[in-house]
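Take a moment to look over the whole chain before turning to its details.

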Amino acid sequence: MKVAGEAMRTIWVEPDGRTVGIIDQTRLPFRFETVMLSDVAAMATAITTMQVRGAPLIGAAAAYGMALAIGAGVEDGDVERAHARLMATRPTAVNLRWALDRMREVLLLTPPADRLDRAYAEAAAIADEDVDICRAIGRHGLHLIRAAHQRNPDRPVRILTHCNAGWLATVDWGTATAPIYLAHEAGIPLHVWVDETRPRNQGAFLTAWELGQHGVPHAVIPDNTGGHLMQHGLVDLVIVGTDRTTARGDVANKIGTYLKALAAKDNDVPFYVALPSSTVDWTLEDGVAGIPIEERPGDEVARITGLAEHGGLETVRLVPQDSPVVNYAFDVTPARLVTGLITERGVCSPQDLAQLFPDHQPPERMGQVAVNDE
């Protein structure tokens, strides 16, 4: 995608072949800054502090983190320690585990003398695969947007999204935004309602910024406005992302997604979730009971940072000094509220996810899928 008209990815390897570059997403939208990471500790910090965020990008970043760790040593113990350190950074996004397990398996099967180059090659492959997958998600989701336009050709297609499932959350294209970008490039008139997504404001800060960079018409709205818009027929479809999806199609996404799904159901607005198959946790069925929900520091709710009139960034407190704060980062939307899942292999209902990806499931589930098919 584009920044100031120039195409770029969210993560890359510098010309030295070892240092990993990222966009510091904690500085957006007021500052565009890049950060160079040279060791696994720096990558772990970048993931934990959300300099890089979004399930697919977290996976790619973790893969490069493993490569950075190999630069300091090539023994099996170094691989295991890097795996454990990076695994502890974020608990909800399953892509983190998926990428780290893949890197560990490849590296432990590689002779120690060849591990450094192999680590960077595998991390690059994970990043490139993410780009291809997001582009495929975009192609499949484009059909939904085109169909909505054909039903109402005299006005823009009005899409509501929550949090940031854009190219900033992936290596490129995004998940929920990939269909939007392809529709925009195809000349389909669009208007995107961008939830601010408190408390970290990923919609207001990130989604709005990247849509603006790409020239997509949009408007930022408070998180509690979506239901009103749906009641008044101002939303044609909802497209969100997910950090973890269960085998039966429950989806964990940024806190507040569940409320949007309830409002969509009540107003007959299609509710779609865009996801790469790496986001599916085939070991889980019940998302509400089984998906760990990250609790983040209360200061994210109690304080907010913005651009002051004098041009500098200022952080102010929003709640009384002595008031406790609870900060759940995600909620789970049950499959019954999801109209369809937009994947790299096509759009399916939640109950058909297993049939779309029979090769991705662990052996212990294969018998269950066969029984369900009968």
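The protein exposes about 15400 Å² of surface, and carbon and sulfur atoms supply 52% of that area. The model shown here is a predicted one, and the values below should be read with that in mind. Of the 374 residues of the protein, 55% count as buried.

As for the fold as a whole, the protein has 13 helices and 18 strands. Its radius of gyration is 20 Å, close to the 21 Å that the globule rule gives for 374 residues, so the protein is as compact as a globular protein of that length. The C-alpha trace spans about 65 × 65 × 45 Å along its principal axes. Among the contacts with a separation of 6 or more, 74% are between residues 24 or more positions apart.

From here the reader may turn to one helix, α6, which covers residues 178-185. Six of the eight residues of α6 are buried, so this helix is largely enclosed by the rest of the structure. The buried residues are Ala178, Pro179, Ile180, Tyr181, Leu182 and Ala183, and what covers them includes the helices α5 (115-151) and α7 (202-214) together with the strands β6 and β7 (190-195). After α6 comes Gly187, whose phi is positive, near 85°.

The loop between β6 (157-161) and α6 holds Thr170, which counts as buried because its relative accessibility is 1%, where the cut-off for buried is under 20%. A polar atom of the Thr170 side chain lies 3.0 Å from the backbone nitrogen of Gly174. If neighbours within four places in sequence are left aside, Thr170 is in contact with Thr10, Pro56, Leu57, Asp130, Cys134 and Thr175.

Another loop, between β15 (313-317) and β16 (330-333), contains Asn327. With a relative accessible area of 5%, Asn327 is also buried. The side chain of Asn327 reaches the backbone oxygen of Pro297 at 3.0 Å, and a polar contact of 2.9 Å joins the side chain of Asn327 to that of Glu300.

How values were computed:
Residues are numbered from 1 along each chain as its sequence is written. This is a predicted model: local features need pLDDT of at least 70, side-chain atom pairs count only at pLDDT 80 or more; totals for chains, interfaces and linings use all residues. Side-chain values use heavy atoms; hydrogens and water are left out. Helices (H or I, at least four residues) and strands (E, at least two) are DSSP runs, numbered from the N terminus. Buried means under 20% relative accessible area, exposed over 50%, partly exposed in between (1.4 Å probe, protein chains only). A polar contact is a pair of N or O atoms within 3.5 Å; within protein, one must be able to donate a hydrogen and the other to accept it, and residues adjacent in sequence count only if both atoms are side-chain atoms. Contact means heavy atoms within 4.5 Å. The radius of gyration is taken over C-alpha atoms; the globule rule is 2.2 Å times the number of residues to the power 0.38. Accessible areas come from the Shrake-Rupley method with a 1.4 Å probe; for residues, only the protein chains shown count as cover.
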